[in-house]
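Welcome, and please open the model in your viewer. We will go from one selection to the next and look at what is there.

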Amino acid sequence: MAHFTKKEPKIICDIAHNEEGIYMVNKQLKKESYEKLHLVLGFVREKKVDKLLKHFPVESFYYFCQPNIDRKYSIYDLIILINKLFKNRDRINFYPSVIKAFLYAKSKASKNDLILISGSTFVVSEILLYYKNFFLTFE
């Protein structure tokens, strides 16, 4: 679990790409103090996304995205799936890229909120690469 605590809100990256991993993330989230939870989530095709999503807190704000790989669970397929699974879609947004989803989540989160980036190794790696490149520009 990678933490970025240099600035508010707190940002956590975790490669919880299966039900057991999401269970462990939820255990950890119960120990965290935050007002609202913002989830930046993207998946690969091989995952049973409907089974994974049922483990995330319903009251969260969702920013669905697709990783930049051929195996991505496309944003179009996510829209279809989410429309079937979620009755209340007021807290759900879709983005064609991980970085766009993340930046929008950051713009919506307050300093007392928590942003969790998860769902796929590839989603988390894009965020880590974004931060690496971001900080390299200041050296």
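Which backbone nitrogen does the side chain of Gln66 reach at 2.8 Å? Select Gln66 and follow its side chain: the backbone nitrogen in question is that of Ile75. This is a polar contact (a pair of N or O atoms within 3.5 Å; within protein, one must be able to donate a hydrogen and the other to accept it, and residues adjacent in sequence count only if both atoms are side-chain atoms).

Before moving on, a word on the model. It is predicted, so local features need pLDDT of at least 70 and side-chain atom pairs count only at pLDDT 80 or more, while totals for chains, interfaces and linings use all residues. Residues are numbered from 1 along each chain as its sequence is written, and side-chain values use heavy atoms, with hydrogens and water left out.

**Stop 1: around Gln66**

Stay with Gln66, which sits in the loop between E4 and H3. Helices (H or I, at least four residues) and strands (E, at least two) are DSSP runs, numbered from the N terminus. A polar atom of the Gln66 side chain also lies 3.3 Å from the backbone oxygen of Pro96. With a relative accessible area of 13%, Gln66 is buried (under 20%; exposed is over 50%, partly exposed in between, with a 1.4 Å probe and protein chains only).

**Stop 2: the whole chain**

Zoom out and color by secondary structure. Of the 139 residues in the chain, 44% are buried.

**Stop 3: helix H1**

Select Gly21, Ile22, Val25, Asn26 and Leu29, the buried residues of H1. They share one side of the helix because they cover an arc of only 140 degrees around the axis (taken from the directions from the helix axis to the C-beta atoms). Next, pick Glu20 and Tyr23: these exposed residues are on the face turned away from the buried side. What do the buried residues of H1 pack against? Show E3, H2 and strand E6 (114–118) to see their partners. Contact here means heavy atoms within 4.5 Å.

**Stop 4: the nonpolar cores**

Now select Leu41, Phe43, Leu53, Phe56, Tyr62, Phe64 and Leu116, which have the most contacts inside the largest nonpolar core, a set of 24 residues. Such a core consists of buried Ala, Val, Leu, Ile, Met, Phe, Trp, Tyr and Cys residues joined through side-chain atoms within 4.5 Å. H3 gives the most to this core, with four residues. Center on Phe56 to find Ile22, Asn26 and Leu39 among the residues that it touches. For a second, separate core of 18 residues, pick Phe61, Val98, Ala109 and Ile117, which are included in it.

**Stop 5: two salt bridges**

How many salt bridges does a search of the whole structure find? There are two, each with a side-chain nitrogen of Lys or Arg within 4 Å of a carboxyl oxygen of Asp or Glu. Select Glu32 and Lys10, whose side chains meet at 2.9 Å, N to O. Glu32 is in the loop between helix H1 (19–29) and strand E3 (37–41) and Lys10 in strand E2 (residues 10–13), so the pair ties together parts 22 residues apart in sequence. Glu32 is buried at 17% relative accessible area, whereas Lys10 is partly exposed at 25%.

Finish with Glu46 and Arg71, where the closest N and O atoms are 2.9 Å apart.

Definitions and conventions:
Lists of a residue's contacts leave out its neighbours within four places in sequence.
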